[in-house]
Amino acid sequence: MSGFQKILKERLGLHLLDYEVPEHSNSIKYSLGGMTVTSFGVLIASGILLAQFFNPTPERANSSVHFIMDQVYLGWFLRGIHFWAGEILTITLILHMMRVFHTASYKNPREVNWLLGVGLLGLMITLMFTGTVLKWDQEGYEALDHFLWVAEKFGILGAPLTEKFSPGIPLLSRIYMAHISLLPIITIAVLGLHIFYIKYHKLSAKPDGTDTGQTIPFTQHMAYLRRAGAGVFALTCLLALTISPPLGNAPIMGLEVTKPPWQFVWVYALENLWVPSLIVAPFLIGLCLVSVPFIDQSVETDPKKRPLAMTVLWFTVI
């Protein structure tokens, strides 16, 4: 290491990255969290650029998205990156939570980090929902209409989320501000805590007892994460180049003719069976996720010796 590199390392505190992590951290299933962070970073960068051309009013929102797609140089590609990064994030986030549950990495002493992960899941779902609404086509309008029905059922607690709360400002504009400022700020803060506790409690050992105890420098793991992140970004660009994200025309009020994005299909299917499911199902699932580390307090981590937990996992997936 040259003298300049040594000085730079000391000044920037890069020496704090000189610690050991388990060798198995350099694998896809233990890097899903890092891949999710990559997608989130792509969403932020592409979202900042898209915001320069978006008009968050009911009269202009949909036409401004069409303008981005048709008139802005490479706007179609930029919106494709934003859309597909969100789709990939959904998949890697779900797989990451499945891996954490499968390896019992939510157990002592990592209960708080599991709760932070559940919070991040809720924030990501909210960001996806608000992003769907912002394009303000028929799908976005119908999604917001369902949301307003839920908000009204909460009475005074749901009032701040309705049009009546601020008559002079369109609700769509407030959703836009939440999507580009409030929600990302909270997400970045919670994500920072999540990463801090990963370092503090260290990466969990293999649950089946095959952990060799071998370690690698964290910088080597960072190099692996960079390669995985590059793969995620390459896939995002490929999808953006080949498959255009859905976009309809301005909505016709009072109609319900579209299907929700695949992330939300399950809850609307339950709504068809029992309308209050739109409220009850997300609440129950959230409560179950929060309660996981408090219900399962055994020291056993081997999936083969946790048949009940594995049954719950696969039943939930199905």
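This is a predicted model: local features need pLDDT of at least 70, side-chain atom pairs count only at pLDDT 80 or more; totals for chains, interfaces and linings use all residues.

Biologist: At what angle do α4 and α8 pack?

Modeller: Two packed helices are described by the angle between their axes and the distance between the axes. For helix α4 (residues 75–102) and helix α8 (residues 218–242), the angle is about 125 degrees and the axes are 8 Å apart. The two helices are therefore oblique to each other. Their crossing is right-handed.

Biologist: How are α2 and α4 oriented to each other?

Modeller: The axes of helix α2 (residues 32–51) and α4 cross at roughly 155 degrees and come within 8 Å. Angles over 145 degrees count as roughly antiparallel, so α2 is roughly antiparallel to α4. The crossing of α2 and α4 is left-handed. Residues of α2 in the contact include Leu32, Phe40 and Leu50, and those of α4 include Leu78, Arg79 and His96. The contact of α2 with α4 has 14 nonpolar, 9 polar and 1 charged residues.

Biologist: Which residues of α11 are buried?

Modeller: An α-helix has 3.6 residues a turn, so residues three or four places apart point the same way. In helix α11 (residues 307–317), the buried residues are Ala309, Met310 and Leu313. Seen down the axis of α11, they fall within an arc of 95 degrees, so they line one face of the helix. The buried residues of α11 pack against α4. On the face of α11 turned away from its buried side are the exposed residues Pro307, Leu308, Thr311 and Phe315.

Biologist: Now the backbone. Which peptide bond is cis?

Modeller: The bond from Asn108 to Pro109 is cis, with omega near 10 degrees. Pro109 lies in the loop between α4 and α5 (111–134).

Biologist: What is phi of Trp136, and of Lys202?

Modeller: Phi of Trp136 is near 50 degrees, a positive value in a residue other than glycine. For Lys202, also a residue other than glycine, phi is near 70 degrees.

Conventions: Residues are numbered from 1 along each chain as its sequence is written. Side-chain values use heavy atoms; hydrogens and water are left out. Axes are lines fitted to C-alpha atoms, for helices over the stretch in contact, and angles run from 0 to 180 degrees between N-to-C directions. Helices (H or I, at least four residues) and strands (E, at least two) are DSSP runs, numbered from the N terminus. Angles under 35 degrees count as roughly parallel, over 145 as roughly antiparallel, 65 to 115 as roughly perpendicular and the rest as oblique. A crossing is left-handed if the near helix is turned anticlockwise from the far one by less than a right angle, and right-handed if clockwise. Contact means heavy atoms within 4.5 Å. Ala, Val, Leu, Ile, Met, Phe, Trp, Tyr, Cys and Pro count as nonpolar, Asp, Glu, Lys and Arg as charged, and the others, Gly among them, as polar. Buried means under 20% relative accessible area, exposed over 50%, partly exposed in between (1.4 Å probe, protein chains only). The arc is that of the directions from the helix axis to the C-beta atoms.
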